[in-house]
Amino acid sequence: MVEDSLWTRITREDPQHSARYVERFRSMAAAGADLDGEARMVDAMLARSARVLDAGCGPGRVGGALARAGHEVVGVDVDPVLIAAAEQDHPGPTWLVGDLAELDLPARGVAEGFDVAVCAGNVVAFLAPGTRVEVLRRLGAHLREQGRLVCGFGAGRGYEVAEFLADARTAGLEPDLLLSTWDLRPHTPDADFLVAVLRPAG
């Protein structure tokens, strides 16, 4: 049995948490907030009409923007409330309910690999500690040759940068680039955020 993620535990204890999360981002979008910073960076890494896996996609903010930029997007999230919001707010991509610790898209009819898998919105910090390496391994296994995994998360969320990079290496991934923001500022030891661009080792 897969260990429950922090997100799963939060939503079990507070059944309205997911709905509030959806409405928060809908309100920000309606107010004109710039919610596409992660998608702009990922788009800049890709050729046109690339394949993108939005891992821990939530209500579809990043994957929806990448689909509008012309990419073929598959989004996966453990929370069915968030997937329903993604389907409503960002039609076009394939949105799937699923646990990243058990990710096997070929078994669900999505056989082709991805040019980029993106984990934005602190997804990796919500993972159950016992599943972190397995999630990274499975994401890496879904990449095409030369594909990359992009993870962004904040410090102070119980997952230190050094631990994350060690887990990535255990999962067969090596860093190509470490940044402190989605707008391409270099990572420094005192940075309070990490954006890691990883590639399969070897």
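**View A. Gln-146 sits in strand β5, residues 143–154.** Strands are DSSP runs of E with at least two residues, helices are runs of H or I with at least four, and both are numbered from the N terminus. The phi of Gln-146 is near 75 degrees, a positive value in a residue other than glycine. Gln-146 is exposed, at 69% relative accessible area. Exposed means over 50%, buried means under 20%, and partly exposed lies in between (1.4 Å probe, protein chains only). This is a predicted model: local features need pLDDT of at least 70, side-chain atom pairs count only at pLDDT 80 or more, and totals for chains, interfaces and linings use all residues. Residues are numbered from 1 along each chain as its sequence is written, and side-chain values use heavy atoms, without hydrogens and water.

**View B. Asn-122 lies in the loop between β4 (114–119) and α6.** Asn-122 is not a glycine, yet its phi is positive, about 65 degrees. Asn-122 counts as buried, at 13% relative accessibility.

**View C. Helix α1 (residues 6–13) buries Trp-7, Thr-8 and Thr-11.** They cover an arc of only 100 degrees around the axis, which puts them on the same side of α1. The arc is taken from the directions from the helix axis to the C-beta atoms. The buried residues pack against α2 (17–30), α5 (80–89) and α6 (123–126). Contact here means heavy atoms within 4.5 Å. The face turned away from the buried side carries exposed Arg-12 and Glu-13.

**View D. The largest nonpolar core has 32 residues.** Such a core is a set of buried Ala, Val, Leu, Ile, Met, Phe, Trp, Tyr and Cys residues joined through side-chain atoms within 4.5 Å. Leu-53, Leu-105, Leu-136, Leu-149 and Phe-164 have the most contacts inside it. Strand β5 gives the most to this core, with 4 residues.

**View E. Glu-38 and Arg-61 meet in a salt bridge, 2.8 Å from N to O.** A salt bridge is a side-chain nitrogen of Lys or Arg within 4 Å of a carboxyl oxygen of Asp or Glu. Glu-38 lies in helix α3 (residues 37–44) and Arg-61 in helix α4 (residues 61–68), so the pair ties together parts 23 residues apart in sequence. Glu-38 is buried at 11% relative accessibility. Arg-61 is buried too, at 17%.

**View F. Salt bridges link Arg-51, Glu-72, Glu-112, Asp-115 and Arg-144 in a network.** Arg-51 pairs with Glu-112, the closest N and O atoms being 4.0 Å apart. Arg-51 is buried at 4% relative accessibility, whereas Glu-112 is partly exposed at 43%.
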